[in-house]
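Happy to walk through this one with you. Let's ask, point by point, what stands behind each description.

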Amino acid sequence: MELRSASGPLINGYVDPALVPHRTVYTGARMPAIGLGTFGSDHVTAAEVAAAVEGATEVGYRHFDCASVYGNEHEIGYALQQVLRKHLQREQLWITSKLWNDKHGENDVIASCRKSLTDLRISYLDLYLVHWPFPNFHAPGCDVTSRSKDAKPYIHAEFMKTWRKMEELVDLGLVRHIGTSNMTVPKLKLLLRDARIKPAVNEMELHPHFQQPQLFDFVRSNGMVPVGYCPVGSPGRPERDRTPEDTVPTQDPVIVKIANRLGIHPAVVCIKWAVQRGQIPIPFSTNRGHYLSNLEGVVSEPLSDDEMGEISAIDRNCRLIKGQVFLWKDGQPWEDLWDLSGDITPP
Ligand SMILES: NC(=O)c1ccc[n+]([C@@H]2O[C@H](COP(=O)([O-])OP(=O)(O)OC[C@H]3O[C@@H](n4cnc5c(N)ncnc54)[C@H](OP(=O)(O)O)[C@@H]3O)[C@@H](O)[C@H]2O)c1
């Protein structure tokens, strides 16, 4: 991967998208190695996120991570329509959306994808993900104790019924790639064994304090691209996703030291590290200065090998998005969602 010097691609608040690194997925398609996240974390309005999407295209972003559950695809669709009318062709963009947990039913998958396409005002998605491997959902803005009344564990046969419909979306030409999110190694092993169309990516929490080396290596060695959410530690995440043990990667002395050397925000160090390590970070921001500096971070002076080594040593195994609201039994520890024993947690 080539990173350019700051003097080349940075012109008047614009980064030439051709200079942004790309990852090649197994179909040969090229995916921009940074995307803009669009989850307003229950407190940023849909209109603000849509304005950020439009602004991000102006500064050089070409990749957007959307989801029906973020409740803003309709507004983002209007922004995309403006962008496609004014200055870009659809083929220049990489647009991801996700199937929400209440739409895993065989009759819901295609309809839900069509709804996202209608809302986003586009005719195909570059990537459609199963947002969580559980059909358990929560209401927007709920607290950490919220549970679906008929919550279930992971049942592979059920997941495969959903996946067959995801495959059909590719056959129908509605989506170019399908993928997973919040999966674990044992769940992915089963999916890779049984899929007709394999997942192109796994979207997973990845930041300097949660590097998930085993899952990261598994994803890459099986021909998938790791997409990293919460890449700067999600300082604006909902209350339900906060616990007293959580750490803050942007306050880590190693990250702060590197930020001081380069004269950049610690968040940008996290983004540079992510892209150099080989994942695709999808930082959220509605602040033009912030999302521009994140993009500039991936085309400017790279971190040194020593700095990359120092960051790999600060992993705290600190998962921020623990997913309590997707548990299926009363009194269950959140770790049950993540198959920490190496086997899928029994029902
Ligand atoms: N698949 C999943 O289950 C899943 C789960 C969670 C998230 N996601 C996706 O991942 C995306 C990113 O995750 P996230 O939004 O939770 O967390 P994040 O990207 O780690 O953090 C976003 C926060 O960081 C701030 N920020 C970003 N760049 C900054 C900079 N250069 N300087 C200072 N502050 C900066 C933003 O504030 P400002 O707006 O003020 O800049 C925002 O509050 C989401 O938007 C969503 O698309 C997916």
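Q: What makes helix H3 a helix that lies across E7 and strand E8?
A: In this predicted model, H3 (residues 109-120) lies across E7 and E8 (127-130). Residues count as in contact when their C-beta atoms lie within 7 Å. The helix runs at about 140° to E7, on a scale from 0 to 180 degrees between N-to-C directions.

Q: How do you know that strand E6 and strand E7 pair?
A: Pairing needs at least two bridges, and E6 (residues 63-65) and E7 (residues 94-99) have three bridges, in the parallel sense. So the two strands count as paired. As for individual partners, phenylalanine 64 is bridged to isoleucine 95 in E7.

Q: Why are strand E5 and strand E12 said to stand at the edges?
A: The open sheet has eight strands in the order E5-E6-E7-E8-E9-E10-E11-E12, with parallel pairing. E5 (36-37) and E12 (280-281) each have a single partner strand, so one side of each is left without a neighbour in the sheet.

Q: Which residues touch the most other members of the largest nonpolar core?
A: Val53, Tyr128 and Ile271 do, in a core of 84 residues. Helix H8 gives the most to this core, with eight residues. Beyond its sequence neighbours within four places, tyrosine 128 is in contact with residues including Leu99, Cys113 and Met166.

How values were computed:
Residues numbered from 1 in each chain as written. Predicted model: local features only at pLDDT ≥ 70, side-chain atom pairs only at ≥ 80, totals over all residues. Helix = DSSP H or I, 4+ residues; strand = E, 2+ residues; numbered from the N terminus. Contact = placed C-beta atoms within 7 Å. Core = buried A, V, L, I, M, F, W, Y, C linked by C-beta atoms within 7 Å. Buried ≥ 20, exposed ≤ 12 C-beta atoms within 10 Å, placed from the backbone.
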